[in-house]
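Work through the exercises below with the sequence and the 3D view side by side. Try each task before you read its solution.

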Amino acid sequence: MVPADRFILECQGPFMVPVFACGGPDLVEEAFESGCTDYLRVPWSAAELLSRFKAARGRFSRLPDGGLRIEGDRLEGEAGEAKLPPGCLALLDILVANCGWPVPRETLRMALGIAPGEGRSVDMRVARLRAALRTAAGTASCPSLRCINGAYILSSRIACG
């Protein structure tokens, strides 16, 4: 999810992953002209975001580095394949769609439908996703999934998008 004003200035499509922009109604046309996959008008709900990610998922089945593919609930790569644990496919969709951009833990919690009191549920899903990425890609070519200041960032060895 990229704020529309920032997306319009810094990004130009087409992209290998779904990219969602958000903002006011005055930026919709310009955001789509810049290549966003979908646009959410502020305010948007977590349920709306998750529904739109699920709808866009089928159009994008390759991760940004080109070496990893999503086939159903499996992640396939040079080193093998890994079944994505429950909740990890939606998490991967969100992180890939925002590849190279920080996604706050709170945004992930809301988008994944995790209740506020569930503590480290997001962190545990990220740990399971990291393990699946390493299994499929191997340690040498595994995309980087880091947490910086309470936000997760997925990046690959080859530039995202």
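This is a predicted model: local features need pLDDT of at least 70, side-chain atom pairs count only at pLDDT 80 or more; totals for chains, interfaces and linings use all residues.

Residues are numbered from 1 along each chain as its sequence is written, and side-chain values use heavy atoms, with hydrogens and water left out.

**Exercise 1.** Trace the open sheet with the order 1-2-3.

*Solution.* 
- Start with the terms. Helices (H or I, at least four residues) and strands (E, at least two) are DSSP runs, numbered from the N terminus. Two strands pair if DSSP finds at least two bridges between them.
- Now look at the sheet. Its three strands show parallel pairing.
- Find the edges. Strand 1 (2-3) and strand 3 (38-41) each have a single partner strand, so one side of each lacks a neighbour in the sheet.
- Take the first pair. Two bridges hold strand 1 to strand 2 (residues 20-23). Here Pro 3 faces Cys 22 of strand 2.
- Take the second pair. Strand 2 and strand 3 share four bridges. Gly 23 is opposite Arg 41 in strand 3.
- Follow the chain between them. From strand 2 it passes through helix 2 (residues 28-33) to strand 3, in a right-handed β-α-β crossover. Right-handed means this: with the strands pointing away from the viewer, the path from the first strand over the helix to the second runs clockwise.

**Exercise 2.** Which residues have the most contacts inside the largest nonpolar core?

*Solution.* 
- Define it. A nonpolar core is a set of buried Ala, Val, Leu, Ile, Met, Phe, Trp, Tyr and Cys residues joined through side-chain atoms within 4.5 Å. Buried means under 20% relative accessible area, exposed over 50%, partly exposed in between (1.4 Å probe, protein chains only).
- The core has 37 residues, and those with the most contacts are Leu 75, Leu 84, Leu 95, Leu 108, Leu 129, Leu 133 and Leu 145.
- Helix 4 gives the largest share, nine residues.
- A second, separate core has six residues, among them Ala 21 and Tyr 39.

**Exercise 3.** Which residues are linked with Arg 52 in a network of salt bridges?

*Solution.* 
- A salt bridge puts a side-chain nitrogen of Lys or Arg within 4 Å of a carboxyl oxygen of Asp or Glu. The count comes to six.
- Asp 38 bridges to Arg 52, with the closest N and O atoms 2.6 Å apart. Asp 38 sits in strand 3 and Arg 52 in helix 3, 14 residues apart.
- Glu 48 also meets Arg 52, at 3.1 Å from N to O. These two are four residues apart in helix 3, so about one helical turn separates them.
- Check accessibility. Asp 38 is buried at 17%, while Arg 52 is partly exposed at 26%.
- The network therefore links Asp 38 and Glu 48 with Arg 52.
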